[in-house]
Amino acid sequence: MNRITIDPVTRLEGHGKIEIFLDPEGEVENAYFQVPELRGFERFCVGRLAEDMPNITDRICGVCPEAHHIAATKALDALFHVDPPPAAKKLRELFYSIFFATDHTTHFYALSGPDFVMGPDAPKAERNILGVIQKVGMDVAGRVLKMRRDGHDLIAMIGGRRVQPNWGLPGGVSRGITEAQRLEVLERGKEAVEFARFSLKLFDSIVLGNPVYVEMIQSDGYTHRTYDMGMVDEKNRVNFYDGMIRVKDPEGREAFKYHAKDYLEYVEERVEPWTYLKFPYLKKVGWKGLVDGKDSGVYKATPLSRLNASDGMATPLAQEEYERMYATLGGKPVHHTLATHWARLVELLYATERWVELGSDPEVADPVVRVLPKAKPDEGIGCVEAPRGTLTHHYWTDERGVITRVNLVVGTTNNYAPIAMSVKKAAQSLIHKGTVVTDGLLDRVEMAFRAYDPCFGCATHSLPGQMPLEVTVRDARGGVVERVRRA
Amino acid sequence: MRTLVLGLGNPLLGDDAVGLKVAALVRERLNGAPGVDVEEEEAGGLRLMERMTGYDRAVLVDAAVTGGTPGEIRRLTPDDLPTQRTAAAHGIDLPRALALGRQLGYPMPSEVRIVAIEAESVLEFRHEMTPAVAAAVEPAVAAVLEELAAAPPKERP
């Protein structure tokens, strides 16, 4: 026997923990999650040229390098006070739409799919992508992988290097695409739209067709009434690449709408003594702790909150699905954490439609894709919607463009407070005095967590991608009642 | 027979870069020897499977954090990776990714070997590796070359 326990093999795995504490009565008193923390990012960046930031920050994480690349590139536009030509903006958004569609596809099928397709009570060995495929069929798996492959191929074609693109520059991009390449993008985009529609149909039949799931989605244990954040265009429709940041209150009324460059006036980070995680909250509402409601500055930045924060989708098919989702779930806003999966699919459809729209525009093949910056650099903020939430890059430089200070607010970080709240509430609703803590039950606790698609790869600047999770239940004296580890 | 040597890691995270550095040196030593591609990859999961498709054999080089002695080199197979991670819901690990590829009928390598180098610091952004891990680079290169020199796997089933 040559079996070695490796914990974790880096790159193959990272590591997260949920700890559930019971009171003397055996009820859940508290539940926390923690993840490893990476250090020294700012120190690493200081002294480097700002132009290198898109290629440094896109290495923070192996999961969404494209989001960091584009946010960093937009921060450079602001830093050097330069406005890219229309073709460059469209090309960046096209690239970004393809990335979004690819990333949402992976999350739905590989990461969250097992929760719904297999269900939490399925045997542990089947609750993974292989189980999903056995249930939905091999042809679906083939389509999922083709979608990923097309996405990666086009991202490489447009952005250059595979995965980590070496592409964004202040004032534009390093190269454009040819007319023939545009037509290829368009062709694959049409297939992607069909794939997204198919995914929504699959969700309909597997999830919405199952009353147990519908009840679970709408149950109180998976519901949090918080503020919602998302980027919107000039008509308050969802946009991933550019626009204003809009925040709606828990009742669905617009609370704030601001330019991303003003984020520090609206978002502040709370430090709590029991964790090194910092919890962003809405400064103007104030920190009241990890609680719901209009008086608490806790907000969510997820696919569902982007839909809640908007007035609709900018493409026709996604708009139809948007309306259908809200009609089914009782109107806007929706605060059911598990509905985030549905919202993610609506966004997938939007991303593919936007991919086709931009691919249909001859201007994306225009050779003029850069304006040279002339102004002296000083400070710049760039913001996009990453798949896991609003992503903000903020750089300060000296007049030579050498970095003196850096601040990043990454997607998952926005959701630290709601994730902590969701985990605790799910645990409280499921674990009571005398409950036998089963694996399926802990899986239900984790479902509250997974809906956020948490990627601690960059949130803590930690090991990217895969995140084995350890769930520990402790009694009032700190003794371990149950411990489950999983990938 | 086609062989892939794949260095895994993040070039900015200290010892986590060791897999990438070993791969770069292996490429240099092989000097274009036919039948072997040497590449680097910063992502894991499904992407790993996609990268290995079409090869008969793969040798992965990666940093490991197991609480062992920094710089220690181990040669593993996917089966040596802990089972509790493979029977789980979130994410997709190497054995699962390989199984998925095979189930889909993709031409996956019939032999996958892992050269794991125990790391000391993978949680801090820096270009330099710790001395113990830097010293393990050459022995790890030798380990990879030995794997390559070993008997080739049987034809793909």
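This tour moves through the structure one selection at a time.

**Before you start**

This is a predicted model, in which local features need pLDDT of at least 70, side-chain atom pairs count only at pLDDT 80 or more, and totals for chains, interfaces and linings use all residues. Residues are numbered from 1 along each chain as its sequence is written, while chains are lettered from A and ligands numbered from 1 in the order in which they are written.

**Stop 1: chain B**

Select chain B. It holds six helices and five strands. Helices (H or I, at least four residues) and strands (E, at least two) are DSSP runs, numbered from the N terminus. Chain B has 157 residues, and 52% of them count as buried. A residue is buried if 20 or more other C-beta atoms, placed from the backbone, lie within 10 Å of its own. Now look at contacts, meaning pairs whose C-beta atoms, placed from the backbone, lie within 7 Å. Among contacts in chain B with a separation of 6 or more, 78% join residues 24 or more positions apart.

**Stop 2: helices 4 and 12 of chain A**

Select residues 86-118 and 340-359 of chain A, which are helix 4 and helix 12. They pack at an angle of about 150 degrees, with axes 8 Å apart. Axes are lines fitted to C-alpha atoms, for helices over the stretch in contact, and angles run from 0 to 180 degrees between N-to-C directions. Helix 4 of chain A is therefore roughly antiparallel to helix 12 of chain A (an angle over 145 degrees). The crossing of helix 4 and helix 12 of chain A is left-handed: the near helix is turned anticlockwise from the far one by less than a right angle. Color the contact residues, including A:L94, A:F100 and A:H104 of helix 4 and A:L345, A:L348 and A:W355 of helix 12. The contact residues divide into ten nonpolar, eight polar and five charged. Here Ala, Val, Leu, Ile, Met, Phe, Trp, Tyr, Cys and Pro count as nonpolar, Asp, Glu, Lys and Arg as charged, and the others, Gly among them, as polar.

**Stop 3**

Among the contact residues are A:L186, A:V193 and A:F203 of helix 7 and A:L349 and A:V356 of helix 12. By class there are 13 nonpolar, four polar and four charged residues.

**Stop 4: the core**

Which residues touch the most other members of the largest nonpolar core? Select A:L91, A:V346, A:V384, A:V423 and B:V144. That core has 190 residues. It is a set of buried Ala, Val, Leu, Ile, Met, Phe, Trp, Tyr and Cys residues joined through C-beta atoms within 7 Å. Helix 4 of chain A gives the most to it, with 17 residues. Zoom in on A:V346, whose contacts include A:L307, A:M313 and A:Y322.

**Stop 5: two single residues**

Go to A:A427 in helix 14 (residues 416-430) of chain A. Is A:A427 buried or exposed? It counts as buried, because it has 28 C-beta neighbours inside 10 Å. A:I20, A:V28, A:A31 and A:V445 touch A:A427, leaving out residues up to four places away in sequence.

Finish at A:T57 in helix 2 (residues 53-57) of chain A. Leaving out residues up to four places away in sequence, A:T57 touches A:H68, A:A72 and A:H393. The C-alpha atoms of A:T57 and A:H68 are separated by 5.8 Å.

Terms used:
Parallel < 35°, antiparallel > 145°, perpendicular 65-115°, else oblique. Contact = placed C-beta atoms within 7 Å. Buried ≥ 20, exposed ≤ 12 C-beta atoms within 10 Å, placed from the backbone.
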